[in-house]
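Please keep the sequence and the structure in view while reading.

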Amino acid sequence: MRVSTVDYHTGGEPFRIVPAPPVGIPGGSVAERRVLAIGDTDADRLRRLLCHEPRGHADMYGGMLVPPDDDGARLGVLFFHKDGFSTACGHGTIALGVWAVRSGLVDAPADGVAEVPIDVPSGRVTARVHTAAGRVTAADFVSVPSYLVDDNIVVRTPRGPATVTVSYGGALYAQVEAASLGLAVTPEHLPELIVLGRQIKAALAGHPAARHPSDPRLDGIYGTIFFDVLPGAAHQRNVTIFADGEVDRSPCGSGTAARVATLAAVGRLAPGQRLLHDSIVGSRFVARYAPGPEVVPVITGMAYPTGEHTFVVDPDDPMTPGFVLR
């Protein structure tokens, strides 16, 4: 088997694009393809091949391109990580938009904005790619409508009780202020944040807040967001511990959408006001939402290419499709 990929990073978080997956992934919609891919031997083997060592690592992330749901989108994508297939990915949407323009898949003006509608398992999102003098300068992730689910859940942890907020931003996220547990979103506290993030997610399994109101395919807490409140009207730093202990190096696109929904619901972010959302490695997204009946977050960042790869599989290699050490 040979698999070609184009690798990007958005705010430090990897995104491995598979333009032409070498396996068939059936389904009438992207959401259905995700459900079927979870139980499909070939699709799951490809995911593990590209995420697991020795070709990937425990925090690898990527997307397999699939047909969109209809002609209104330019492409569809199945997001994947070391533990499975996710419902949403903002940093991946930004990377896909930049890649679509830079590769020539989508025409863009030399100075202006090109829209790249993308079908993902949680619905239709858009990457708005900004250009100046023929160069890509930024990309907006226009999320699905996002909302607060519950802002007063108490979870017991080894550091005492944690007050947890759950919001939806394409996936369901638990959110905890790090200082409430005597921690900060800094690299030296990351090992403990990973442990606590996994514990909080596990504690919410089966909780009413972990259920999507209309689509059970979107059920489940996807990740735990720990945040610091920084000086300024709307400035925060966060780290998202998602899947089974994976760490998002970026400020997390769909997680930022969930934070926008939370802050809007509690009156701490007004329509049009900017949220400066920093990551544990110092990268930044800028988020906002427009007035209207729904909160539709728009999150601005940038993605950069890191390489193009042709992965091969030796039929005699006993380590195929790979392994992870955590």
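A polar contact is a pair of N or O atoms within 3.5 Å; within protein, one atom must be able to donate a hydrogen and the other to accept it, and residues adjacent in sequence count only if both atoms are side-chain atoms. The model is predicted, so that local features need pLDDT of at least 70 and side-chain atom pairs count only at pLDDT 80 or more, while totals for chains, interfaces and linings use all residues. Residues are numbered from 1 along each chain as its sequence is written, and side-chain values use heavy atoms, with hydrogens and water left out.

The account begins with His81. This residue lies in strand E4 (residues 75–81); helices (H or I, at least four residues) and strands (E, at least two) are DSSP runs, numbered from the N terminus. A polar contact of 3.5 Å joins the side chains of His81 and Glu246. His81 counts as buried because its relative accessibility is 4%; buried means under 20% relative accessible area, exposed over 50%, and partly exposed in between, with a 1.4 Å probe and protein chains only. Beyond residues up to four places away in sequence, His81 touches Arg47, Cys51, Met60, Tyr61, Ser86, Tyr222, Phe242, Ala243 and Glu246, where contact means heavy atoms within 4.5 Å.

Is Arg326 buried, exposed or partly exposed? Arg326 counts as partly exposed because its relative accessibility is 41%.

A pair of aromatic rings is described by the distance of the centres and the angle of the planes. Rings of Phe, Tyr and Trp (its six-membered ring) pair if their centres lie within 6.5 Å; planes under 30 degrees apart count as stacked, over 60 as edge-to-face and the rest as tilted. Six aromatic pairs are found in a search of the whole structure. One aromatic cluster is formed by Phe15, Tyr61, Phe79, Tyr173, Tyr222 and Phe242. Elsewhere, the charged end of Arg259 sits over the ring of Phe227, 3.9 Å from the ring centre; such a placement requires NZ of Lys or CZ of Arg within 6 Å of the ring centre and within 35 degrees of the ring normal.

On a 1 Å grid over the protein atoms alone, a cavity is a set of points where a 1.4 Å probe fits but cannot get out, and a pocket is an open set with protein on both sides within 12 Å along at least five of seven lines; lining residues have an atom within 4 Å of a point. Grid points are joined across faces, edges and corners, and a volume is the space filled by probe spheres set on the points. The count comes to two cavities of 30 Å³ or more. The largest cavity has a volume of about 70 Å³, and its lining includes Tyr61, Tyr173, Tyr222 and Phe242. Helix H3 (90–102) and helix H5 (253–265) are the elements that give two or more residues to this lining.

The largest pocket holds about 270 Å³ of space. Of its 19 lining residues, Arg34, His81, Phe85, Ser86 and Tyr222 lie nearest its centre. Helix H1 (30–38), strand E5 (84–86) and strand E12 (221–229) each give two or more residues to the lining, and E5 gives the most, with three.

Finally, the backbone deserves attention. The peptide bond from Glu53 to Pro54 is cis, with omega near 10 degrees, and Pro54 lies in the loop between helix H2 (41–51) and strand E3 (61–66). The bond from Thr320 to Pro321 is also cis, with omega near 5 degrees; Pro321 is found in the segment after E18. Ala243, a residue other than glycine, has a positive phi near 50 degrees. Ala243 belongs to the loop between strand E13 (235–242) and strand E14 (246–247), and counts as buried because its relative accessibility is 11%.
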